[in-house]
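Reader: Could you walk me through reading a helix pair and a hairpin in a model like this?

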Amino acid sequence: MGISESCYHYQSKLSGENALVADWLLRLTESHRRWGFSLCFLYLRNVKGFKWNHKRVYRIYRELELNLRIKPKRRIKRDKPDALSVPTAINQVWSMYCMSDSMADGRALRTFNVIDDYNREGLGIEVDMSLPSARIIRALEQMIEWRGTNGWIYICLKALSRLSSLPPSGFGFITMNGLTRPSEAYLPNNYC
């Protein structure tokens, strides 16, 4: 089986234009550094009036290695937060956490939980449809009366933002070293 006569006698006619295409692409990418292939091809087709096929122009574009490098996103370097202190006795560190759920009829149910981090004892749970900051402070003051005043309270930032507008009531707040959620190390599994 032989080769067809048309293939045997075929001579490419447009190969001389490849140098012209390459020259135009080099000029365009030098003058317009942010242009990729699409803008270069549209400029050559619509503004300059060249009727070159996009596959041909793209082949030459790749051969010239003009593909734009895709820059990776810069990652923000953040300092590691300080290690959380591990309590050594009862009533040293308390954790406070607000949770929300919805009932079958769509109403929100909110809980406010306080636990002792040393022995994971639940010091108090306030449950209601709405928990304003005044009620949270009242519940904390009741727990302080019951357990004493030597405990610091770790608090999640959401609750801190709600309580920050009220004057301090004899207990201190320590934000979670810039964390937006309480540390899972200090919370039982059903809190996470």
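Here is how the two of us talked it through.

Author: First, the ground rules: this is a predicted model, where local features need pLDDT of at least 70 and side-chain atom pairs count only at pLDDT 80 or more, while totals for chains, interfaces and linings use all residues. Residues are numbered from 1 along each chain as its sequence is written, and side-chain values use heavy atoms, with hydrogens and water left out.

Reader: What order do the elements run in from the N terminus?

Author: It goes α-α-α-α-β-β-β-α-β-α-β, with helices (H or I, at least four residues) and strands (E, at least two) taken as DSSP runs.

Reader: And how do I describe two packed helices?

Author: By the angle between their axes and the distance between the axes. Here, H2 (residues 17-31) and H3 (residues 37-47) have axes that come within 10 Å and cross at roughly 120°; axes are lines fitted to C-alpha atoms over the stretch in contact, with angles from 0 to 180 degrees between N-to-C directions. H2 and H3 are therefore oblique to each other, the class left after under 35 degrees (roughly parallel), over 145 (roughly antiparallel) and 65 to 115 (roughly perpendicular).

Reader: Which residues make the contact?

Author: Trp24, Leu25, Leu28 and Thr29 of H2 meet Cys40, Tyr43 and Leu44 of H3, contact being heavy atoms within 4.5 Å.

Reader: What about strands S1 and S2, parallel or antiparallel?

Author: S1 (residues 93-102) and S2 (residues 108-116) pair antiparallel over nine bridges; pairing takes at least two DSSP bridges. Cys98 sits opposite Phe112 in S2. Five residues separate the strands of this hairpin, and Gly106 in the turn has a positive phi of about 95°.
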